[in-house]
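Hello,

Here is the structure we spoke about. My notes on the salt bridges and surface charge follow below.

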Amino acid sequence: MGLIKGDPVTLVTLNQPLSVSGNYDASKMWVSVLVLVTTVALMAMNVRGAQIIGILFGTLIGWSECFARGQDDSIFLYPFDTCSPQQLAADLSNANATADGTGSGFDNSPCYCYAPQQVAVLPEIKNTAGAFTFGALNNKVFWIAVVTFFYNDLISCAGTMIAVTGKAKIRDEKGNLPVGNTNMGYLADSIGTIIGACLGTSTVTSYVESAAGVVDGGRTGLVGITVGVLFGLSTFFAPLISQIPYMASSPILAVVGALMCTSIQDFNWSDVEESVPAFACLIMIPLTYNIAFGIISGVGLWVIIQLILVPYRLARKEDPFVKFKMLFEEELSHDKMCAASCGTFLNELGKNDDDKQKK
């Protein structure tokens, strides 16, 4: 959405000023905000397909402006923090100063606005499909990369399924997915990954953005099949679909992120044994741009905390590995884990002492 930008001192900061006259990117930022509030308002009114309407609304604004004013005069040029008139004028000046007359400038600028030049094209995969090379099989770096991608894909798939099924409320009474359905989810993800790699595409895998479809009522495999067919058809319309501007799509991702927060609404955030690792998981996913790294950081922190608490539990005459053992119980729940936390144990001791004093 462009509201946040990089900063050499604080790493990130607000992209200010927020006025259109003082910040070239502000036009895109305010359209993004408009798309966001429009989508949320439609969702609040229970309008089906609110996210699609929001994307179409933002896309119509971007395309209309780009067609009407052209690349040189558009106020919706991308990338962010690059395309102000002052920067473009400097590029043009530098281009004119070169001996051969080449450079950036308006004609060869890296800046662009989104507007389709074609509607459909016949897709070609001859340059990527089956482009295998086996020379790296004897290189240990190759196998390290394979293992790294494997656990990234595995954990990302698990995190996506947990999040989306939680939003869809299709888990059993224990909060678990049926084993058969889980296996099929992993199988579909792995087959997609293999076929996608053979065709030379980026990883074909499950995505947490599926929550947007869940909100609109998607619950069965028929939804996934329909989406897959539409994805296949979209390859013919890549020139059109690829021109959807960020100011139309980014707000929808923000909405999806907000919807996913409902999965933690019943979490006991007062239990530091559970809440701090959970927070580490939540915050590391966006900061590292990787679901796997987030889950690993949360799980690793939880294990370290439990190991540090072993002597303390022994002194309190508790089972030092009580939480590790609970991981293998069939009827495991978040409430049961919190009940076994040291803080809960101390609270219970305090209550018992109060009760004795009252008596």
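Glu273 and Lys323 are both buried (under 20% relative accessible area, with exposed over 50% and partly exposed in between; 1.4 Å probe, protein chains only). This is a predicted model, in which local features need pLDDT of at least 70, side-chain atom pairs count only at pLDDT 80 or more, and totals for chains, interfaces and linings use all residues. Residues are numbered from 1 along each chain as its sequence is written, and side-chain values use heavy atoms, without hydrogens and water.

The side chains of Glu273 and Lys323 form a salt bridge at 3.2 Å, N to O (a side-chain nitrogen of Lys or Arg within 4 Å of a carboxyl oxygen of Asp or Glu). The pair links distant parts of the chain, with Glu273 in helix α10 and Lys323 in helix α13 (residues 322-326), 50 residues apart. Helices are DSSP runs (H or I, at least four residues), numbered from the N terminus.

Glu273 also forms a salt bridge with Arg313, where the closest N and O atoms are 3.1 Å apart. Glu273 lies in helix α10 (residues 272-288) and Arg313 in helix α12 (residues 310-315), so this pair ties together parts 40 residues apart in sequence. Arg313 is buried, as is Glu273. Together with Glu274, the residues Glu273, Arg313 and Lys323 make up a network of salt bridges.

Elsewhere, Arg69 forms a salt bridge with Glu65, with the closest N and O atoms 3.9 Å apart. Both lie in helix α2 (residues 50-73), four residues apart, about one turn of the helix. Glu65 counts as buried at 11% relative accessibility, whereas Arg69 is partly exposed at 44%. The whole structure has six salt bridges.

Regards

Notes:
Helices (H or I, at least four residues) and strands (E, at least two) are DSSP runs, numbered from the N terminus.
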